[in-house]
Amino acid sequence: MRFFAPYIGGSVAGKPAICDRYSMKDQESQKLYEEALQYMPGGVNSPVRAFRQVNRNPLFIEKGKGSRIYDADGNEFIDYVGSYGPLILGHAREEVVEAVREAAACGLTFGAPTRREIRLTELIQECVPSMEMVRLVNSGTEAVMSALRLARGYTGRKKIIKFTGCYHGHSDGLLAKAGSGLLTQALPDSLGVPKAFTKHTLLADYNDTESVKELFHKYKGEIAAVIVEPVAANMGVVLPEENFLSFLRKITDDNGSLLVFDEVITGFRLALGGAQEYFQVKPDLTTLGKIVGGGMPIGAYGGRREIMEKIAPLGPVYQAGTLSGNPLSTAAGIKTLELLKSSQGLYEELAAKGELLRSRIQTAGKGRIKVNSIGSLLCIYFTEGEIRDYNSALTAGVKDYAIFFEYLLENGIYAAPSQFEAMFLSGAHTAEDVEYTAQTIEKYFGSI
């Protein structure tokens, strides 16, 4: 196995012995990719994994531990993808793995209630008090789809406002000017989605209060909900401007609409209570995913009791799932949330590391890049302008990012294979990991 060790002797305070660009092997990954192409569209089960945005074939990952992942050729990388967010504790955290192992020994699924469902929903409610009742599902997409059906059922209205560049999963009604991998695909939305499926989806501009006001004026009394990523983390990392979220809270209240926070990425990551705790804005409904299961497939949505009681079997809004709340996902989720609750200073530590990276990278690439970060989320845009919405995010140089991405790989750093995905820090990233990453990126901008 090729072992990538950024620190061999030396110390963080002094000049560490940093490996130069190593000869990364990828023969086994290439063989696996050629085989995968025979059985899966594009050889992958999610488009961004195909690495087409960065003009190379994907690496196949064999295992992960702590802050590191290892590919099929034995290359080792410091991982800043973390399965796109859920691994806030790092890969293969011993306590989480053991919890899953114990659950699996008792059965994989029952299609019936279990104790763990109660404990996990209790923990979610303790951490996110606005979620007075919770329904567990199987993915973030399912959580959002179900929450918006509930919003329509509760209000008796049809229209939903979403923001250009915000991604809320791949359900038909929300694939309109979405972010994430769609920003770098040839098609802006998706074939196969009839226009009628999105006719009740209204588009506003992120951080633009006037665009929201105009829609509420034009469709007065028709808007069921506004859904927003409180930090738009699917067009990189776009922060809400001052009072933007509180404005959404007020205008929805004033018009009898619901405010839905899509916290699939920010939930339990910006703070134990998510973005709503961080920004002190309380939504009516919240959607969660990824991190709630500690890396196992899961999603959840919840909110005010009187709204949630409209869901079957209590109310007329139907939603169901045989595998919802399955024993393995709930076991991993319980242990993850328990560890987060007991981890003193974790969020402050993650924020400090994130700010260190942001500051060092921004200084190194001054005049050529813009680095946005908040807490443990970070994005390097290859443009010097401010990034505040969808249109400004699109000014970033995708080709420049592809060259940068290849450099990172060759130096043992694994980032998202897309200009418009965030980098994720975890509690497993050490000071040495962060320092090596900063120095490696400084070398890159010093050489171009």
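Residues are numbered from 1 along each chain as its sequence is written, and side-chain values use heavy atoms, without hydrogens or water. In this predicted model, local features need pLDDT of at least 70 and side-chain atom pairs count only at pLDDT 80 or more, while totals for chains, interfaces and linings use all residues.

Seven strands form an open sheet with mixed pairing. Strands (E, at least two residues) and helices (H or I, at least four) are DSSP runs, numbered from the N terminus. Two strands pair if DSSP finds at least two bridges between them. The strand order is β4-β10-β9-β8-β7-β5-β6. β4 and β6 (201–204) are the edge strands, and each pairs on one side only. From one strand to the next, the twist averages 20 degrees. Within this sheet, β9 (residues 285–289) and β10 (residues 299–303) run antiparallel and are joined by five bridges. L285 has G303 of β10 as its bridge partner.

Helices lie across this sheet. α3 lies across β4, β9 and β10. Its direction is at about 125 degrees to β4. Helix α7 (residues 244–254) lies across β5 (159–163), β7 (223–228) and β8 (258–262). The angle between α7 and β8 is about 145 degrees. Contact here means heavy atoms within 4.5 Å. Axes are lines fitted to C-alpha atoms, for helices over the stretch in contact, and angles run from 0 to 180 degrees between N-to-C directions.

A further open sheet has three strands in the order β11-β12-β14, with antiparallel pairing. Its edge strands are β11 (370–374) and β14 (423–424), each pairing on one side only. Five bridges link β11 to β12 (residues 377–381). V371 stands opposite I380 in β12.

The second largest pocket has a volume of about 390 Å³. A pocket is an open set of points on a 1 Å grid over the protein atoms alone, where a 1.4 Å probe fits, with protein on both sides within 12 Å along at least five of seven lines. Points are joined across faces, edges and corners, and the volume is the space filled by probe spheres set on them. Lining residues, which have an atom within 4 Å of a point, number 20 in this pocket. P113, E117, L136, S324 and G325 are the closest to its centre. α3 (115–127) and β4 (133–137) each supply at least two lining residues. β4 gives the largest share, three residues. The lining has eight nonpolar, ten polar and two charged residues. Ala, Val, Leu, Ile, Met, Phe, Trp, Tyr, Cys and Pro count as nonpolar, Asp, Glu, Lys and Arg as charged, and the others, Gly among them, as polar.
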